[in-house]
Amino acid sequence: MKDKAGHDELPHLPLHIFLIIFVLIATYPILWVVTIALSGKQSLALATLPDRIAVTEERLVQNIPGLNDEEATAIVEALENAKWIDERGILTLKPERDKVAPLLPAELSKYAEPLHKDLMVCLAEPSTLDRLRAITPWPETFSLENFRAVFRDQPFGRWIINSAVIATATTILGVFLACTAGYAFSRFSFPGRRAGLMSFLVSQMFPGTLMLVPLYIIVVQWLQLGSSRIGLTLIYATTSIPFCVWMLKGYFDTIPKELEEAALIDGASPGVIFWRIVLPLAKPAVAVTALFSFMTGWNEFIQAATFMDKEELYTAPVGLRFFVGGFSQQWGYFSAGAIIVSIPIVILFLFLQKYLVSGLTAGSVKG
Amino acid sequence: MESGSPSHRLRFGIGIGAGAAVAILLGHFLLGGALSNLAEQRETRQGIVTLRALSDLVSRTADGDGLRKAVTEFQKAYPELKSIRVVLLEGASLEASTDPADTGEWAAPRQLSRDEKKNEKPVFDLMQKIRGTVEANREEKTAKEELEIGRLADGSGFSLAGPLEKNGEVTGLVEIKRSSAAAATRPGWITTLLYIAVPILLLVGLSFGVGNKQIPLAICAAVLLIGTIWGYGVQSRSKINREGLAASDAVASTAKTGGERVQSILQGLGIQAEPALNPASWDSDLARRPRAVLTPDLKVDPAKAMSAFAGVGTAVTRATILLIILGVAIALFFGMGWAELFARTLRVHRTAYYYVTPAMVGMIILVFFPFAYGITLSFTDYNIYTTGKPLTEIFNGFQNYVEILTDFQIAKRSADGSWAFNYYNFYWTFFFTIVWTISNVTIGVTLGLILALVLNTKTLALKPIYRVLLVLPWAVPNYITALVWRGMFHQQYGVVNQAIQMFGGSPVSWSDTPFTSFLTALATNGWLSFPFMMVVSLGALQSIPADLYEAARVDGATRWQQFTSITLPSLKPALVPAIILSVVWTFNMFNIIYLVTAGQPAGSTEILITQAYKFAFEKYRYGYAAAYSTVIFGILLVYGVFQNRITKASEGI
């Protein structure tokens, strides 16, 4: 196949099939969450599978003609002794026809054939179709109950507000700090410039676990900001600085200096030049910096889990983990919450991801 | 050069003044802290002696009125006691109390109240706890604290509670509330100021001898500072020792008067002290082990009393050396003209520093300082039992590092004698982390590259839609991804096992073996990491000029040849940094491991960073965890330097 430019290309149909398979893989977990959220239930099963039926005396008497109570008791005992059923009467293995007869006492062997049939009914192994249903991301019944319940029965509204406040404050503070520092690193040459830039880069390698205990001591014991939004905001804003500074510095470098020099000749002060001329020109980079800071504040989990020990001060990530961490299995709350938390960040991300990529790779090339 | 700048004399004068002031003032406050600490210790010891005297007295009286009379007499004899309470285990009865609140309807004897107005359940719990500790200590030969000390809510003193024993059995609880009276001796300001003034004056005097020369003045200043600060250290140490001995004397007299008072109260009650009282044994620690500082005739044994201060001595020496370093550094900073240079630099580049300072201050307080503090912690035995102690006391050198790096015990003999793999070993975790990183990055790059190549097909329909859908996994917050995949790998209801059963397999218990557990984490991380590589590769592919391929085709190159000689080399500049970045990300991918496998089974799927976290926050070995994290940092740093070389080399080509 040739296109207009004369390229020869692979046939499109296999490519489409290949891509569709991958799109299915890429979207399946997302569809899974959406399905559970819309199911209105807390269970993480997408569909309820048929239950096994218990083998009890009453059932046997009902289903096997001519069987009396005593005989039924004997049969149930025999099945239990053979470890075929557990104490609740649930069949644990698939009974084979020729193994049923030897199991029974001699006088009951005439029931072997009807018993085998009945046991097969009790087994009720879900069919392939049932299984297929159980992995199809489509709710059995549609309900918005989980979305209502997560706000009504759980303090999720509070947690979202906490996250929003922290992420917004982080963005404002982080962008301010990164813009000023990035501008200085880009435009001025001063002693400590190189050391500063390198130290920012190296700080990206500090393992979070090394910082957690000292940060706890500083923030909680010294600054008395434990379990507070301010403490968490300060931590997030500073941890996002190095990436943002490198990113903005790179962008400021591309803005021609002549503009500022002209403004300087016109008598503008350095402050005016920075706020009125340079920052407006650097809007795209500032936007990416803002996105990155916001994502840091919105998505961070482990520090929030360490510093926020009051339930009403949890951030959304800590709260979501609270639903399904440990022995808690509230998947309905979790999935509804996860969707609410993800939507804003996914939309922002899709708009700005190409800048993020260029920023990330540019930063590391220079390192 | 000499004429324009201020004289060396002046610089060193300011320098030695600043150095001495900072070092000596710091020393002054350290000494003050140590002295008030000592005073507090003395009060506690005296309180313990009093409490033990009281318990001894009460245990010799019969329950009931005799006991109450003894308590009343004891309270009269000790004005510093705010109140005394004696509680018996039998019937949870408050047998005697001199607490003003326990009068009228609450007067002893009565049962402990569980009213809302007066909830005494904590007292009962405390009694049970103390009894448990005493019995455990007796059976297991341990030395846990049998006495409970607590501050009073209004800060006016402290409370002490201990067991009441009869015939070797714990029968109840004795509690006193004691006001603290004695203020600590404060270090004298006059001495401190003298210590600051003397080196300055001496340097001024000396400078007439050596003249206005930089190096001799520097040496003089350094020697003077070392001498002064050392002198201050020696003086402080002897002061601390004196106070310590005085404390033992005070305790001895408390024990002595205590013995006499108890004796007289017993006589008043007509009880023969049998066996005889032994007040010296009352001076004990909180585990009721005798300190053995007092001789049976209640004299202080100076050697024993001094030996208690051996630790204090080394701490003072260490602090003195640190102060000397600090003081000399400050003196040189001013004296050598560095301060001036520093100030000039700040002035010249002030606009730049205005802009950098806010970010830098934040970074220093919340990134660099915690980092340095973390490194410091890695040289200590900081854990949940030593939290209150100063770092100098729990310093243990390289012990944590040695423990981590020389532990080659890959297999361990378990309780039943069989050999079990020791997954908590550092080298296993390191190995696993490398396997984890390499397999993830390989999967990410391969999938990302293949998808990018497919999506780069020029005329393919629906490309933007595919692209957006394929980027989604990257956009979803990764902790949500992790929790979702954990749900999908659920043994009973998870869709993965349902799918396996649909094709006739049996459900897999994913967290039971290291390999299956690893697969779950790998699937999760693979899912969320391929879009990044895809986007990066796609960007690079689109920037390859089409005529390169044109020319290659004209030359008769096959599709594979075009791929290896045009596509791959053009991808390299974008892909190499992306790979480097994703190696670091994956190496430290805390959320996925922590939330998906949680290290199951038996810690086999921990990576270094989650292991370090667990040492800190599940085993509470903060110092050890800090050393572990420092090792991780070392590994990343080596990797960083290494990759820097490689990329620099590739840029050169």
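Helix H10 (208-222) of chain A, helix H9 (350-377) of chain B and helix H20 (622-652) of chain B each give at least two residues to the lining of the largest cavity. The model is a predicted one. The cavity lining draws on both chains, with A:Thr209 and B:Gly374 among its residues. Chain A and chain B bury about 8,500 Å² between them, yet the salt-bridge count across their interface is 0.

**The cavity**

- The structure has 1 cavity of 30 Å³ or more.
- The space in the largest cavity comes to about 40 Å³.
- From chain A, the lining takes A:Thr209, A:Leu210, A:Val213 and A:Pro214.
- From chain B, the lining takes B:Gly374, B:Leu377, B:Tyr622, B:Ala625 and B:Ala626.
- H10(A) supplies the largest share of this lining, with 4 residues.
- Sorted by class, the lining holds 7 nonpolar residues, 2 polar residues and no charged ones.

**The interface of chain A and chain B**

- Chain A brings 98 residues to the contact, and chain B brings 96.
- Interface size is often expressed as the accessible area that is lost when the parts come together.
- Here the buried area is about 8,500 Å², and carbon and sulfur atoms give 79% of that area.
- How many salt bridges does the rule find across the interface of chain A and chain B? The rule finds 0 there.

**Domains of chain A**

- Domain 1 and domain 3 of chain A bury about 670 Å² between them, with 72% from carbon and sulfur atoms.
- Which residues of domain 1 of chain A lose the most area to domain 3 of chain A? They are A:Val33, A:Gln42 and A:Leu44, which together make up 63% of what that side buries.
- Between domain 1 and domain 3 of chain A, the count is 0 salt bridges.

**Domains of chain B**

- Chain B is assigned domain 1 (8-40 + 186-348), domain 2 (81-179), domain 3 (351-408 + 621-653) and domain 4 (431-607).
- Between domain 1 and domain 3 of chain B, the C-alpha centres are separated by 32 Å.

**Salt bridges**

- Over all chains, the structure holds 30 salt bridges.
- One of them pairs B:Glu120 with B:Arg85, with 3.9 Å between the closest N and O atoms.
- This pair links distant parts of the chain, as B:Glu120 and B:Arg85 are 35 residues apart.
- B:Glu120 sits in the loop between strand E3 (110-111) and helix H3 (121-140) of chain B, while B:Arg85 belongs to strand E1 (residues 81-88) of chain B.

Notes
Residues numbered from 1 in each chain as written. Chains lettered and ligands numbered in written order. Predicted model: local features only at pLDDT ≥ 70, side-chain atom pairs only at ≥ 80, totals over all residues. Heavy atoms only, no water. 1 Å grid on protein atoms, 1.4 Å probe; cavity = no way out; pocket = protein on both sides within 12 Å on 5 of 7 lines; lining within 4 Å. Points joined across faces, edges and corners; volume = space filled by probe spheres on them. Nonpolar A, V, L, I, M, F, W, Y, C, P; charged D, E, K, R; others polar. Domains from an automatic or database assignment. Contact = heavy atoms within 4.5 Å. Buried area = accessible area lost by both parts, 1.4 Å probe. Salt bridge = Lys/Arg side-chain N within 4 Å of Asp/Glu carboxyl O.
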